[in-house]
Amino acid sequence: MTDPWEAQREALGAFIREQRKRANLSLRQLAELTSLSNPYLSQVERGLHQPSVRVLKAISGALNVSAETLMTQAGLIDVIAGEATEATDQEKPNVPGTEDAIRADPRLGGEQKAALIAVYRSMLASAPPVTEAPPVTEG
């Protein structure tokens, strides 16, 4: 079974590479514009790294592409909007409201919410499977 995050990283990398080529920039030039290392950007373009929101913003500025476009390509905008796929819905444990609580928190900006939800989901993906949902306690 293929990792859905791997496919997302590869699609994002291909999109960034295409935008860089359209802007007639070499990888080295993009590295200079973003203050990121050439090897790191190469790994992002090859889908070996999932860039942070900060890195996506730097790349979007250098390529004159909106940050929202890159975050959509990275799968983060769907997270904010709550547009989960059927597969994601089926994989969710029966735990009330963690992502909803993050989305509803007015103290967080959209990028912060996206980053928190992405980290939360990546932690869930690497956690051992739960056979039973733990009891919910009221505090």
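Predicted model: local features only at pLDDT ≥ 70, side-chain atom pairs only at ≥ 80, totals over all residues.
So, burial to begin with: of the 139 residues in this chain, 30% count as buried. Total exposed surface comes to about 9,000 Å², and carbon and sulfur atoms supply 53% of that.

On to the fold. If you take the contacts with a separation of 6 or more, residues 24 or more positions apart account for 53% of them.

Okay, what's in the middle? The largest nonpolar core has 25 residues, and those with the most contacts inside it are Ile16, Leu41, Leu56, Ile59, Leu63, Leu70 and Leu76. Helices 1 (4-22), 2 (27-34), 3, 4 (53-63), 5 (67-73) and 9 (110-126) each give two or more residues to this core. Helix 4 makes the largest share, with 6 residues.

Let's zoom in on Leu70. Leaving out residues up to four places away in sequence, Leu70 touches Leu12, Phe15, Ile16, Leu56, Ile59, Ser60 and Val65.

Now, one I'd like you to click on: Asn38. You'll find Asn38 in helix 3, which covers residues 38-45. Is Asn38 buried or partly exposed? Partly exposed, because its relative accessible area is 25% and the buried label needs under 20%. Which residues does Asn38 touch, again not counting those up to four places away in sequence? Leu27, Arg28 and Ala31. Take Arg28: Asn38 and Arg28 are 10 residues apart in sequence, and their C-alphas sit 5.7 Å apart in space.

Note on methods: Residues numbered from 1 in each chain as written. Heavy atoms only, no water. Helix = DSSP H or I, 4+ residues; strand = E, 2+ residues; numbered from the N terminus. Buried < 20%, exposed > 50% of the residue type's maximum accessible area, 1.4 Å probe, protein only. Contact = heavy atoms within 4.5 Å. Areas by Shrake-Rupley, 256 points an atom, 1.4 Å probe, with all protein chains shown as cover. Core = buried A, V, L, I, M, F, W, Y, C linked by side-chain atoms within 4.5 Å.
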